[in-house]
Amino acid sequence: MKRNAAYDLNALRREFPILDREVYGHPLVYLDSAASAQKPRVVIEAQREYEAHFHSNIHRGVHTLATQATEAYEGVRSKLTEHINAARREEIIFTSGTTDSINLVAGTWGRANLNSGDVVALTRLEHHSNIVPWQILAKEKGFDIVVIEIDEDGSLCEESLKAALSRSPKLLCVSHVSNTLGTVNDVTRITAQAHEVGAVVLVDGAQAVPHKKIDVRDIGCDFYAASGHKMYGPSGVGFLYGKAELLEEMPPWKGGGEMIQTVSFEEETTFNVPPYKFEAGTPHLSGVIGLGAALDWINSVGLDKIAEHEEALIKYASERLSEIEGMRLIGTSKDKASVVSFLVDGTHPSDIGTILDQLGVAVRTGHHCTEPIMNKLGIPGTVRASFAAYSTFEEVDALVAGVERAVKMLR
Ligand code: PMP
């Protein structure tokens, strides 16, 4: 059933300049927001304004521009602290994105704490960026990786979770929302269960932050990672939340400017306090400023309203797509966010994606950087439509019409 968004959808869409463009003579139907969301004008303008009027390197300068740039950059850290309800602003580290954040945890906490004989638990739902850093480190350190399996509908298998926890993992990594199946994991409960057996918990929040209110203290996790470009912000910027007591103990990762206290050839080099200890070199300054504008924009619309609209879109898309003969929805867990993945009998996902593109409909096809899910389900990939605050029911209709046409052409 089509339900009006709890905000003025047409007015909201006008804030996104890219949504005006055409592809192959058709109005763009952008259903690939899980890969990267589009940016409202305020984000684009905030970056431009920064570059045009107060760009300077931060922290180190005494001049006016350096002070203004530093204040703007650190202001976003405070904003993000509040946005995810972290206890202290020192718990927010700016990174280049989720991948970078997870590699930071692997390269510091992981390298310092994981050894031969230890166990790390990963779910089968993880994006490659929450698998490969652990595999690389496991090769070096000799610890075991245990996989928490999924059920047919794409939800986490409770038995498998129990079995993994019975091995007392030192670390459990779980995505908050699966980018391929849309499964929303109950990370608050999973964190509590993992803490009971002494595991540190890392939550990959890349697909959750654009769709849900995140409260890291309510979740209780030790680390939470996300990317700016999935939350209406710039690419090349993201963050890692880490509990202060863990960050304080962690050794540095990348070495360079800003992460040191003193550097000497004669005495031992000493390091800065978190978060600066983990922010070596000049960061993506305009990216962080743009991320701040994205947070303001999200809050001006309201995450609850965005979530409600997207939920209605998922429901409508699932119902409409199911009317197509041979349709197989992949990922049907009860609690889903943002994405609808599917296959149609007798067709290949990439062929459907190519035909949809010619009709102006942008979807993603393939394994979505989650090959272990594809292996488990025995499929080559899926077609994935993903939604954001600006997505419309008419766009779902265009998707369905496009898939119907593609199927006719391909069968
Ligand atoms: N985790 C999940 C669940 C994702 O969807 C993605 C991006 N597709 C990533 C991690 C990696 O994010 P990034 O490329 O921004 O580092």
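Visitor: Which pocket is the space taken by the ligand?

Guide: In this predicted model, the ligand takes the space of the largest pocket.

Visitor: What volume does the largest pocket have, and which residues are closest to its centre?

Guide: Its volume is about 300 Å³. The lining has 21 residues, and those closest to the centre are A34, H127, N179, Q207 and K230.

Visitor: From which domains is the lining of the largest pocket drawn?

Guide: Domain 1 (9–39 + 302–410) and domain 2 (44–300) each give at least three residues to the lining.

Visitor: How many residues of each class are in that lining?

Guide: Six are nonpolar, eleven polar and four charged.

Visitor: Which side chain has an N or O atom 2.5 Å from a nitrogen atom of the ligand?

Guide: A polar contact is a pair of N or O atoms within 3.5 Å. The side chain in question is that of D204.

Visitor: What lies 2.7 Å from an oxygen atom of the ligand?

Guide: A polar side-chain atom of Q207 lies at that distance from a ligand oxygen. For S227, a polar side-chain atom is also placed 2.7 Å from an oxygen atom of the ligand.

Visitor: How much of the ligand's accessible area does the protein cover?

Guide: On its own the ligand has 400 Å² of accessible area, and the protein covers 84% of that.

Notes:
Residues numbered from 1 in each chain as written. Predicted model: local features only at pLDDT ≥ 70, side-chain atom pairs only at ≥ 80, totals over all residues. Heavy atoms only, no water. Polar contact = N/O pair within 3.5 Å; in protein donor to acceptor, adjacent residues only side chain to side chain. Areas by Shrake-Rupley, 256 points an atom, 1.4 Å probe, with all protein chains shown as cover. 1 Å grid on protein atoms, 1.4 Å probe; cavity = no way out; pocket = protein on both sides within 12 Å on 5 of 7 lines; lining within 4 Å. Sits in = over half its atoms within 2 Å of the grid points. Points joined across faces, edges and corners; volume = space filled by probe spheres on them. Nonpolar A, V, L, I, M, F, W, Y, C, P; charged D, E, K, R; others polar. Domains from an automatic or database assignment.
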